[in-house]
Amino acid sequence: MKIIICFPPLSNEKGYPTLGQNRQFQYFKEPTYIYPVVPATAATMLAKRGFDVVWLDCISQNLSSDKFRDIIRKEKPDLVALETKTPVIKQEWRVVDDLKRLAREEGWNLNVVLFGDHVTALPQESFDNCGVDFILTGGDYDFLLLNLCNFLKEFPSLPARDFNGPVMTGPYRLEPGIWYRAGNEIKNTGTFKLDHDLNSLPFIDRDLTRWPLYAYKNGNYRRTPGTYIMSARDCWWGKCTFCGWTTIYPHYRARGVKNVLNEIEYLVNNYKIKEIMDDSGTFPVGEWLNNFCRGMIERGLNKKVTLDCNMRFGAVDRPGYELMRKAGFRFLLFGLESASQQTLDRINKNLKAETIVSSCRAARAAGLYPHITLMFGYPWESYEDAEKTLQLGKYLLKKDYAYTMQATVVIPYPGTPLFDECKKNGLLYTLDWQEYDMKKPVMKLSFAPDKLMSLVQSMYAVTFSPEFIFRKLLSIRDINDIKYFGRGFLKVLGHLLDFRKRS
Ligand code: SF4
C-alpha cells in the first residue's frame with residue numbers, strides 16, 4: 001500500500017505558509033521551513049510497518065501545482081494524507097477535490113485523509129466542502145494514521161465503508177477519533193483519545209522525511225544544520241484561551257529524559273546537527289528539566305549542539321537558567337502576549353505582569369537569549385493598553401533583557417475558547433478562514449485596525465534604534481552571529497515592507 005504524506009503547493013503571494021508549526025500560523029516573506037514533527041513521525045511509523053511511504057513537501061521543495069500533479073499521477077498512491085490549518089483549509093479543499101478527480105479520471109482508487117487542529121475543531125465542515133474520505137481528529141494523528149492504514153490494508157474492500165461491525169472490536173479495530181463516509185452519512189469512531197505512549201514512538205526517519213529541506217532556512221537557527229524534535233505534547237500549562245494545539249488537544253505528556261537524550265545523540269552523531277529546536281508548546285520543567293540538563297552535560301552533548309525551546313516566564317529560576325545554559329540551551333521563546341494584567345488573566349495565561357521583566361532578565365543574565373512574542377488586537381484592550389505592551393517590549397529589547405522579538409496579531413482559531421467567546425459575543429469581523437492568517441485583525445477592536453497595524457510595525461522599528469544596534473554589535477562573537485543577525489535583519493525588513501505595502 002502506497003501512502004504519500006504531503007504539503008501541497010499553496011498560493012504564496014502572501015509568503016511561505018508555516019503549516020508544520022503546531023500552535024500559530026503565519027506566512028513568512030523570507031522562506032522559513034519548520035520541520036513538521038508529527039507528520040514526519042507518522043511517515044516513519046508507516047515505513048517501519050512496511051508501507052511504501054513518499055514524503056512530498058511542495059512548499060519547502062518549491063514545487064508547482066503541475067509538478068505536484070505529475071508526481072501524484074506517476075506514483076498512483078492508495079492514500080494521500082495532508083496536514084491542515086485554518087488559513088489554508090479552503091485551498092486544501094480544492095486540492096482534495098483535484099486529487100480525487102485525477103484518480104477517478106485515471107482509474108485508480110485513492111483515499112484522501114486530512115488531519116490537524118482545524119479539522120479536529122470542525123470535522124463536518126470539510127466533509128461538506130470537499131470529497132475527503134477520512135479525517136483524523138486529535139493531536140496523535142501519527143498513531144491514528146498508522147491505525148487507519150493497517151485497517152485499510154486488512155479490509156481493502158469493506159462494502160460501503162461500513163466500519164461499524166465486528167472489525168470494530170478485532171485486532172484491526174479503528175481507534176476513536178476517526179471520521180469517515182458511510183454512504184451518504186458521515187460517521188465517526190468516537191471522541192479521540194490522547195493516551196498513546198510517546199516513548200513508544202520511533203525517532204523520526206530523517207532521510208525519509210528529507211531533513212536537509214528544514215535544516216537551513218529557519219530564522220531561529222544560529223548554527224546550521226539545525227532540526228526539530230518534540231519532547232512533549234504539548235504544554236504542561238495548556239490553558240491559554242487563544243492557543244490552538246493545547247486547548248484543542250488538552251492532554252499533556254512528556255517523553256522520558258533518556259529517550260530525548262538518545263534522539264539528540266543520534267542526530268548529532270549521524271547527521272552532524274548543530275542546533276535543535278524543541279517544538280513542545282512549553283519544554284518540560286522541574287525534575288525532568290534538571291535531569292535532562294545533567295544528561296546533556298554528562299554525555300558531552302552540550303559541547304556539540306545548541307538547544308532552543310519554548311518556555312514560560314516564571315517557570316525556571318536563575319539557577320535553573322544557569323543549568324540550562326551549561327546544558328547547551330541558547331534561544332528560549334517566551335509568549336509575553338500583553339503587558340496588561342487584565343488581558344493576561346482574561347486569556348488565562350497564569351502570569352503576573354511583573355514576572356515578565358524579572359524572569360526575562362534572569363534568563364539573559366544566565367547567558368540565554370530570550371525571544372519574546374507580543375500580541376496585539378484583543379477586543380477588550382484599549383489603544384493605550386496595546387501601547388503599554390509595545391513599550392514593555394521595547395524596554396526589554398533596549399535593556400537587553402530580551403534578545404529578539406516577534407509582534408503578531410492575535411487570531412482566535414476555531415476550537416479555542418477565545419474563538420467561542422468571540423463568536424458568542426459577536427466580536428468576529430469575518431468567518432472567512434483565509435483571513436485568519438495574522439495579516440490583519442479578525443476580532444473587532446475598540447480602535448481603528450490600521451492603528452493596530454502601525455503599533456505592530458513600530459515594534460519592529462526598534463531594531464533600527466542606535467541602542468539596540470550597539471548592544472547587538474557588542475554581542476557578536478563569531479561569523480555565526482553575523483549571519484544570524486543578517487538573517488534577522490532581512491526578516492524584519494520583510495515585515496516592515498510588507499506592512500508598508502498593505503497600508
Ligand atoms: S503557555 Fe499558553 S500559549 Fe504557550 S503553549 Fe502553553 S497554553 Fe499555549
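**Entry 1. Backbone at Glu 337**

I looked up Glu 337 and found this residue in strand E15, which spans residues 329-337. I noted that the phi angle of Glu 337 is near 65 degrees, a positive value in a residue that is not glycine. I record here that the model is a predicted one.

**Entry 2. Cis peptide bonds**

I then turned to peptide bond geometry. The bond from Thr 224 to Pro 225 is cis, and its omega is near 0 degrees. I placed Pro 225 in the loop that runs between strand E9 (185-188) and strand E10 (226-229). I also noted a cis peptide bond between Arg 233 and Asp 234, with omega about -5 degrees. Asp 234 belongs to the loop between strand E11 (232-233) and helix H7 (244-248).

**Entry 3. Surroundings of the ligand**

I listed the residues around the ligand: Arg 23, Cys 235, Gly 238, Lys 239, Cys 240, Phe 242, Cys 243, Thr 246, Gly 281, Thr 282, Arg 312 and Lys 349. By class, I find four nonpolar, four polar and four charged residues in this shell.

I took the domain bounds from the assignment of the chain, which gives domain 1 as 2-188 and domain 2 as 220-502. The centres of the two domains, taken over C-alpha atoms, are separated by 29 Å. For contacts, I noted 33 residues of domain 1 against 35 residues of domain 2. An interface is often described by the accessible area lost when its parts come together. For domain 1 and domain 2 the buried area is about 3000 Å², and carbon and sulfur atoms give 56% of it.

I next looked up the polar side of this interface. Eight residue pairs are in polar contact between domain 1 and domain 2, both residues being at pLDDT 80 or more. On the side of domain 1 that touches domain 2, at least two residues each come from strand E3 (27-28), helix H1 (37-48), helix H3 (89-106), helix H4 (117-121) and helix H6 (141-154). H4 contributes the most to that side, with four residues. The classes on that side of domain 1 are 13 nonpolar, 10 polar and 10 charged residues.

**Entry 4. Salt bridges**

I recorded 22 salt bridges in the structure, and four salt bridges between domain 1 and domain 2. I looked up the pair Lys 90 and Asp 432, whose side chains meet in a salt bridge at 3.0 Å, N to O. I also looked up Asp 98, which forms a salt bridge with Arg 101, with the closest N and O atoms 3.0 Å apart. Asp 98 and Arg 101 both lie in helix H3, three residues apart, or about one turn of the helix.

Definitions and conventions. Residues are numbered from 1 along each chain as its sequence is written. This is a predicted model: local features need pLDDT of at least 70, side-chain atom pairs count only at pLDDT 80 or more; totals for chains, interfaces and linings use all residues. Side-chain values use heavy atoms; hydrogens and water are left out. A residue is near a molecule or strand if one of its heavy atoms lies within 4 Å of it. Ala, Val, Leu, Ile, Met, Phe, Trp, Tyr, Cys and Pro count as nonpolar, Asp, Glu, Lys and Arg as charged, and the others, Gly among them, as polar. Domain bounds come from an automatic or database domain assignment. Contact means heavy atoms within 4.5 Å. Buried area is the accessible area (1.4 Å probe) that two parts lose on being put together, summed over both. A polar contact is a pair of N or O atoms within 3.5 Å; within protein, one must be able to donate a hydrogen and the other to accept it, and residues adjacent in sequence count only if both atoms are side-chain atoms.
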